[in-house]
Amino acid sequence: MSRNTKINGLLLLLVAALAVLPIALGMGEGKEEPFTGADAQAETAITELKPDYEPWFSPLYEPPSGEVESALFALQAALGAGVLAYYFGVRKGRRQGAALAAAGAPDGSGAPGTAAAES
């Protein structure tokens, strides 16, 4: 097993532990909504500290329900992941193409010396 494989496995295990430990240790017990987002927690804290606070602006779009809001958030995350995956794929392809060109593939076919041998 290579060093990179061990590091990747350890990182995967760490991410899984970060996802499971809060639930397994019961960190959300006793709360009405145990794992709310930071926005909801900030809103609660502001209303507790200063009940007469008026927001500076309102949202441009208010989803009709929590399910729609979650779906839009998931769509945003999926689009972001797709853009990142495309970027890294293009970058890797360019690096591989540069490596092939440096290795002596004059026709770009990936087989070194084939165009020169056939000419």
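How much accessible surface does the chain have, and what percentage of that surface belongs to carbon and sulfur atoms? The accessible surface of the chain comes to about 10700 Å², and 64% of this area belongs to carbon and sulfur atoms. Accessible areas come from the Shrake-Rupley method with a 1.4 Å probe, and for residues only the protein chains shown count as cover.

## Model and confidence

This is a predicted model, in which local features need pLDDT of at least 70 and side-chain atom pairs count only at pLDDT 80 or more, while totals for chains, interfaces and linings use all residues. Residues are numbered from 1 along each chain as its sequence is written, and side-chain values use heavy atoms, with hydrogens and water left out.

The average pLDDT (the predictor's confidence in each residue, from 0 to 100) is 84 for the chain, and 84% of the residues score at least 70. Confidence is highest in helix 3, at a mean of 94, and lowest in helix 4 (residues 114-118), at 50.

## Overall architecture

The chain has four helices and zero strands, and its elements run α-α-α-α from the N terminus on. Helices (H or I, at least four residues) and strands (E, at least two) are DSSP runs, numbered from the N terminus. Of the 119 residues in the chain, 3% are buried; buried means under 20% relative accessible area, exposed over 50%, and partly exposed in between (1.4 Å probe, protein chains only).

## Helix 1

Helix 1 comprises 22 residues (3-24) and reaches 30 Å from its first C-alpha to its last, close to the 32 Å expected at 1.5 Å a residue. The expected span is 1.5 Å times one less than the number of residues. A kink of about 30° lies at Leu18, shortly before the proline Pro22; the bend is the angle between axes fitted to the seven residues ending at a position and the seven starting there.

Because the number of buried residues in helix 1 is zero, this helix lies largely in the open. Just after helix 1, Gly26 takes a positive phi of about 70°.

## Helix 3

Helix 3 (residues 66-102) has 37 residues and reaches 54 Å between its first and last C-alpha, close to the expected 54 Å. Val68 lies in this helix and is partly exposed, with a relative accessible area of 30%. Beyond residues up to four places away in sequence, Val68 touches Tyr61 and Pro63 (contact means heavy atoms within 4.5 Å). Just after helix 3, Gly104 takes a positive phi of about 105°.

## Aromatic pair

The structure holds one aromatic pair. Tyr87 and Phe88 form this edge-to-face pair, at 5.2 Å centre to centre with 65° between the planes. Rings of Phe, Tyr and Trp (its six-membered ring) pair if their centres lie within 6.5 Å; planes under 30 degrees apart count as stacked, over 60 as edge-to-face and the rest as tilted. Tyr87 is partly exposed, at a relative accessible area of 46%, and Phe88 is partly exposed at 47%.
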